[in-house]
Protein chains: 2
Amino acid sequence: MTRRRRSAARRGAPGIKQLPWTRVRNPYAPVEVFTAEQLDKVHDASMRILEEIGIEFMSKQALSMLDKAGAEVDHASGLVKFDRDMVLDLVAKAPSEVTLRPRNPEHSITLGGNHINFGLVAGPPNVQDRVNGRRQGNYEDYATLLKLAQSLNIVHLIGNQPTAPVELPAHTRHLDCYAANVTYTDRVYHCSSIGADRALDGVDIAAIARGQTREDLVDDPAVLTIISVNSPRRFDGEMADGLIAMSTWGQCVVVTPFTLMGAMTPVTLPAALAQQNAEALAGIALTQLARPGSPVCYGAFTSNVDMRTGAPAFGTPENAKAQLAAGQLARRYNLPYRASNANASNAVDAQAAYESEMAIWGGVMGHCNLLYHGAGWLEGGLTASFEKVVLDAELLQMMAETLKPIEVDDDTLALDAIREVGPGGHFFGASHTMERYETAFYAPMLSDWRNYETWLEAGGETAEVRATKIWQTLLENYQQPEMDEARQEQLQAFLARRKEELSKTAA
Amino acid sequence: MTRRRRSAARRGAPGIKQLPWTRVRNPYAPVEVFTAEQLDKVHDASMRILEEIGIEFMSKQALSMLDKAGAEVDHASGLVKFDRDMVLDLVAKAPSEVTLRPRNPEHSITLGGNHINFGLVAGPPNVQDRVNGRRQGNYEDYATLLKLAQSLNIVHLIGNQPTAPVELPAHTRHLDCYAANVTYTDRVYHCSSIGADRALDGVDIAAIARGQTREDLVDDPAVLTIISVNSPRRFDGEMADGLIAMSTWGQCVVVTPFTLMGAMTPVTLPAALAQQNAEALAGIALTQLARPGSPVCYGAFTSNVDMRTGAPAFGTPENAKAQLAAGQLARRYNLPYRASNANASNAVDAQAAYESEMAIWGGVMGHCNLLYHGAGWLEGGLTASFEKVVLDAELLQMMAETLKPIEVDDDTLALDAIREVGPGGHFFGASHTMERYETAFYAPMLSDWRNYETWLEAGGETAEVRATKIWQTLLENYQQPEMDEARQEQLQAFLARRKEELSKTAA
């Protein structure tokens, strides 16, 4: 990138200072909570879960594939027991790294190695902001969240629906969502794997947006899907079929057990991780049956519930530890690793911030490659908040800067500058400072560093209030990424055809 | 501790659930931002600062000691140049670990190894809470902050004045503060080293509180002092004299350069750390001249300023990296390491929380042994906030829990429980859960995990608002730690004698 273009990118949307689009990499060694021996024990327990207890697949197609591959399949109950060698041989076929290329190749993301990517919040039924309050989400909100993501360089990808546009017909809603994804953004996005068709519609639309066909994407993937495990030990039928479809077509499958300790797993962390590991590896084995070498990601979402009420909790110490430990498991199998930025706060307040920070530091120090729900998650995932998108963008930018490697050389050691300034003096006017001060430090988007009096005079706004102005400015300055006219026409034709087909099926 | 006593301690002050008093240890490997080669370069640059550029000591006593020890001293300017071998030989005499014992031996703290201790905020002129607003601090506020610290098990020590009781006479104020420290708390505390006398009054009072004399404390230290360096490269006279006095009497000296990049150091992190290192090691060398083997701590407080305004910033990416990197330097010299929990927010909002989390994670993952300003710091240190004390206590508790080692055995792997619950089922009623659910997870003090509707019906309070009720409840239930009557009398006699002496000197 030339100096001028980099400077333009740094500015991002006019009015809001932000980091340029960056491929974030983690230069530090991962933090490990398990000793090698403990990790072996968790691995072994997960192998025993696969061998002795089994995983249920509610999909005939999956059962048939697993049967053929030599697993012990009970077709009546759907329970599958796996020999550990079989599972590990299949898992070993999965690549350790995958690059996903959206319609704008500059916004490609790599999962694996020391790459980290941050995603927009996914899945909430509700939306919240300080101007319009809290309400059920709709298509307009969906589009607004996409525009915010596209406007923020630190949001690398669009996860599953940032909110559900419930007013749209259920059987074709996914088409409107995918179309919005490729229209309002040029980022990698998520295909919903509730059944094979819904998933493949997403693949087809990603292909059209790239001026290609589904076949072109097989060895050059564009999209990902999250396969949620219905923990404990169950893959629902549509999810399993969606997994098979996405892997067959070479797209990235993130197998993610949703394992809240105390509810979906035992209350002890080793048990939760052993179960998570068994479930994730069972799903990943299936991806490699569908297409050996197909890209996958080891998904982890282990947190805990409030044992007094059963309410889910996120960003807890247990969640942070699980995010660290899950990374050790993913690396054991040489797989890319997905974690999450979640919290249980009902307001964009200190709790929202500290629970998110616990999750972010746990995920990042655990060397996740994908931090899902990176920006916007509130209320345990029941609400997508515009102010929280801004808050999280700040947290993620700060983390990206914390991961920026340090150069140590004569220039940065600056002995001449130290020599120049006398004892008790200051460096504001030193030439070493003057040459570097504009870009020396991270310039925050949301933080307010004015002194109390100045801050109070200017309205005494909390971070939450300031965040409102930031998303409003981002929206005002939003620029829709250009798309070739022929592709736009193709997209419209595809949508029309598929809507007609699906309406016939639904009727 | 018996089961019953542990359970009582867990409850802490009635009404507020909190962790028991714990000696927190960090079981993880430290996160390192410098390669070994880079660390060598920073070390070498700091040695060159000591050898070629020099450090100023505005104390005749310090200059004379350094001269005698072989340093190159310019008595007119106060500039001292050190041979690197001389400095490193002296630093090598400092112990790698020190235990400080306050009047309650159960509240002893160890600095060094993988121990971590959290301190109350230190030094703000102002106080802030949601009931009485923001105001200049006074003795009542001072006492209130001590009571909060004493009521919170996660606050291991009292730093320098949590606020300045400015209405008290300046020449005897320190005596009232020390007396409050040993009356309202039974924790380790800080002695102000603005001159030798002020420091030694604190040592004497700590001795009286233990039923001992100053002499008894020499090899069994009770207190610590922070020696702030007037960076760049200057030790003020009173600070240097205080340092010498505290080390001579075997108390712990934390030498802390206050190095805001761009103001007190160059803008580049390697330069800031090289300068910090030179300053810290020069001070530590002086402690070992005063008394070889005297306990010390490598203090680091490197953050940055806002280069547009010169305003100090904390909890920034640069601050987090500096906290990680400073740990590498401290470990290189086998010294205990002090970091800080600071932020620049004007409100107890999301910014206060995320900047504090950045500082806490940086400090803890950098393996600090002392996290100074652990609870209560707001507005870049200009205000001690009661609500922030509560918020920080929650953050520190969460960190302590994140550091709790994991047991991996048949019991925690819980294969029987996993076997017992069918696919898609839940673990709420499993016997493994029932036996453990009450203590399985961290129970938060401040976080609210209720769903939105329930939370809203109950008032829709943010974390800041909830924090008010918590400090109010802590104060209502505050219990003054008992002190032997003879010691109380001795304390009063000492105070009367010293106040008379100091009033004569002042008159």
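This is a predicted model: local features need pLDDT of at least 70, side-chain atom pairs count only at pLDDT 80 or more; totals for chains, interfaces and linings use all residues.
## A four-stranded sheet in chain A

In chain A, four strands make up an open sheet of mixed pairing, arranged in the order β3-β4-β2-β13. Strands β3 (72-74) and β13 (234-235) of chain A form the edges, each pairing on one side only. Strand β2 (residues 55-57) of chain A runs parallel to β13(A), and two bridges join them. Within this pairing, A:F57 has A:F235 as its bridge partner in β13(A).

Helix α9 (residues 269-290) of chain A lies across β2 and β13 of chain A. The helix runs at about 45° to β2(A).

## The nonpolar core

The largest nonpolar core has 333 residues. The members that touch the most others are A:F57, A:F82 and A:Y298, together with B:F57, B:F82 and B:Y298. Helix α9(A) gives the most to this core, with 13 residues.

The surroundings of A:F57 can be set out in detail. Leaving aside residues up to four places away in sequence, A:F57 touches A:A62, A:L63, A:L66, A:G78, A:V80, A:F82, A:F235, A:A240, A:A282 and A:L286. Among these contacts is A:F235, the residue that is also the bridge partner of A:F57 in β13(A). A:F82, another of the contacts of A:F57, is itself listed with A:F57 among the core residues that touch the most other members. A:A282 and A:L286 are also contacts of A:F57, and the span of helix α9 of chain A is residues 269-290.

Strand β12 (residues 224-229) of chain A is mostly covered, with five of its six residues buried. Six bridges pair β12(A) in the parallel sense with strand β14 (residues 252-261) of chain A. In this pairing, A:I227 stands opposite A:V255 of β14(A).

The loop between β12 and β13 of chain A contains A:P232 and A:R233. The peptide bond from A:S231 to A:P232 is cis, with omega near 5°. A:R233 is not a glycine, yet its phi is positive, near 60°. A:R233 is buried, because its relative accessible area is 3% and the cut-off for burial is under 20%.

## Backbone features in chain B

In chain B, the peptide bond from B:S231 to B:P232 is cis, with omega near 5°. B:P232 lies in the loop between β12 (224-229) and β13 (234-235) of chain B.

A positive phi of about 55° occurs at B:H373, which is not a glycine. B:H373 belongs to strand β19 (residues 370-375) of chain B. With a relative accessible area of 6%, B:H373 is buried.

## The interface between chains A and B

Chain A and chain B bury about 9400 Å² between them, and 69% of this area is on carbon and sulfur atoms. In chain A, the residues that lose the most area to chain B are A:Y354, A:F441 and A:W449, together accounting for 9% of what that side buries. The contact takes 110 residues from chain A and 111 residues from chain B.

Four salt bridges are found across the interface of chain A and chain B. The side chains of A:R134 and B:E453 also meet in a salt bridge, with a distance of 3.7 Å from N to O.

Notes
Residues are numbered from 1 along each chain as its sequence is written. Chains are lettered from A and ligands numbered from 1 in the order in which they are written. Side-chain values use heavy atoms; hydrogens and water are left out. Two strands pair if DSSP finds at least two bridges between them. Contact means heavy atoms within 4.5 Å. Axes are lines fitted to C-alpha atoms, for helices over the stretch in contact, and angles run from 0 to 180 degrees between N-to-C directions. A nonpolar core is a set of buried Ala, Val, Leu, Ile, Met, Phe, Trp, Tyr and Cys residues joined through side-chain atoms within 4.5 Å. Buried means under 20% relative accessible area, exposed over 50%, partly exposed in between (1.4 Å probe, protein chains only). Buried area is the accessible area (1.4 Å probe) that two parts lose on being put together, summed over both.
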